[in-house]
Amino acid sequence: MNKIFRNSLMLAAVVFGFSACTDEYEYDGAGEWNAAENYQEISFVKTSESVTLEESTYSFAVSRENTEGAISVPFKVEVNTDEVFTVGEAKFADGEKTALCTVDFSKAEVGKAYTLSLLIDDPRYSSYYSPNNAYSLTVKYLPTISVGKATWALSAWQKGVLTCDLRMRTDKPNAYVLRGWGANFFTLNGVDVNINFNKETGELSVPENFTGYVHSQYGEVYLSDLNTYTGTADYPNSWDPASGIATVYMIYYVGAGYFGNGPEALLLEFNQ
C-alpha cells in the first residue's frame, strides 16, 4: 500500500514538473486555426499543373468561399526557377467567386522546364491548415508551327493507328513535335512526342519520350528508337520520300525492362 502511494506521489511530481516546463512556451498544436476571423477561404482550383506551351504566359484559377467585397490576394513565392516567372495578385470583384491570375515567363529558354511554387499564407485569406492553399506549375516553352499530319502505326508493343498534328519547332532545325500522340489510346488528349527529321537526307531519330501511360505495376512507360535506347547505330531508320513513310525501329520500356520492340511505320504528310 505504501509503495503504491509513493509511486503515485512520484507520478504526480513528474506530471506537475512537465506542465510547469511547458507553460513557458506558446504552443500552436495541430488544428490550431491561424486565420483571421471571417477570412475569405481562398484556394487554388488546381494544386499542380505541368504544361508545354506555345505562348510565354499562362493563367491559373483561384476561388473563394466568402465572396463579399473586392479584394486582391498576394502569393508567397516559394520556388521560381532561374527567376523567370513574374506573377501578380489574384483580383476578385465584389461577389466574384473565381479569379484568374496570369503568369509571365517570357525570359524562359525554349525547350527548358521551369517550376513555380506558390502559397497563400495571408491569414486574411487562408489558414495554414486550409486545403489547396499551395500550387505548383511546371512549364516548358516550346513554340512550334503546324506543318502537316503524322500517322503512326503501332506494332512493336500495342496494335493501333495514331493520328497526330505534325509541328515544327521554330528554335531548332529538323526538330518536330507530334502533338496529341496516343490520344484516345494511351491517354485522353495524348502527349507531345519529339522526333528529329531531316527532309533533305531522310535521317530520322526518336529520342526518349514519355508515352503518357503509367503502368499499374511498373510506372511510367517511355518510348524511343532502338539506336537511342541501345546507344548504337545497329538499327537504321529509313524514310521513303515518294510515299512519305518512315520505318522506325522502336522500343517501349520502363525502368525494369521493356514491353516490346521492333519496326513501326510513320507516315509524315507535309502541307503543300
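Start with the largest nonpolar core, which has 29 residues. Select Trp-152, Leu-178, Trp-181, Tyr-252 and Leu-266: these have the most contacts inside this core. β11, β12 (160–169), β13, β14 (191–197), β17, β19 (245–254) and β20 each supply at least two of its residues. Which strand gives the most? That is β19, with five residues.

The mean pLDDT of the protein chain is 87, and 86% of the residues reach 70 or more. Select residues 1–32: here the pLDDT is below 50. Beyond near neighbours in sequence, this stretch has four contacts in the model. Where pLDDT is low, the predicted coordinates should not be read in detail.

Zoom out to the whole protein chain. It has two helices and 20 strands. Of its 272 residues, 38% are buried. Take the contacts between residues at least 6 apart in sequence: 56% of them join residues at least 24 apart. The chain exposes about 15600 Å², and carbon and sulfur atoms supply 51% of that.

Return to Trp-181. Is it buried or exposed? Its relative accessibility is 0%, so Trp-181 counts as buried. Show its contacts, leaving aside neighbours within four places in sequence. They include Trp-152, Leu-154, Leu-162, Cys-164, Gly-190, Val-191, Thr-211 and Leu-223.

Next, show the aromatic side chains. There are 24 aromatic pairs. Pick Trp-152 together with Trp-181. Their ring centres are 5.8 Å apart and their planes stand at 85°, so the pair is edge-to-face. The two partners come from distant parts of the chain, 29 residues apart. Trp-152 is in strand β11 (residues 144–154), and Trp-181 is in strand β13 (residues 175–181). Trp-152 is buried too, with a relative accessible area of 1%.

Now select Tyr-218 and Phe-259. With centres 6.3 Å apart and planes at 65°, these rings are also edge-to-face, because planes over 60 degrees apart count as such. Tyr-218 lies in the loop between β16 (209–215) and β17 (219–225). Phe-259 lies in strand β20 (residues 257–270), 41 residues apart from Tyr-218. Tyr-218 is partly exposed, with a relative accessible area of 42%. Phe-259 is partly exposed as well, at 29%.

Ring pairs link Trp-152, Trp-157, Trp-181, Phe-185, Phe-186, Tyr-213, Tyr-218, Tyr-252 and Phe-259 into a cluster.

One more ring deserves a click: Phe-270. The charged end of Lys-199 sits over it, 4.1 Å from the ring centre.

Finish with two loop residues. Most residues other than glycine have a negative phi. Select Asp-82, in the loop between β5 (76–80) and β6 (86–87). Asp-82 is not a glycine, yet its phi is positive, about 55°. Its relative accessibility is 51%, so Asp-82 counts as exposed.

Then go to Asn-132, in the loop between β9 (113–119) and β10 (134–141). Asn-132 has a positive phi of about 60°, and it is not a glycine either. Asn-132 is partly exposed, with a relative accessible area of 39%.

Conventions:
Residues are numbered from 1 along each chain as its sequence is written. This is a predicted model: local features need pLDDT of at least 70, side-chain atom pairs count only at pLDDT 80 or more; totals for chains, interfaces and linings use all residues. Side-chain values use heavy atoms; hydrogens and water are left out. pLDDT is the predictor's confidence in each residue, from 0 to 100. Contact means heavy atoms within 4.5 Å. Rings of Phe, Tyr and Trp (its six-membered ring) pair if their centres lie within 6.5 Å; planes under 30 degrees apart count as stacked, over 60 as edge-to-face and the rest as tilted. Helices (H or I, at least four residues) and strands (E, at least two) are DSSP runs, numbered from the N terminus. Buried means under 20% relative accessible area, exposed over 50%, partly exposed in between (1.4 Å probe, protein chains only). A charge sits over a ring if NZ of Lys or CZ of Arg is within 6 Å of the ring centre and within 35 degrees of the ring normal. Accessible areas come from the Shrake-Rupley method with a 1.4 Å probe; for residues, only the protein chains shown count as cover. A nonpolar core is a set of buried Ala, Val, Leu, Ile, Met, Phe, Trp, Tyr and Cys residues joined through side-chain atoms within 4.5 Å.
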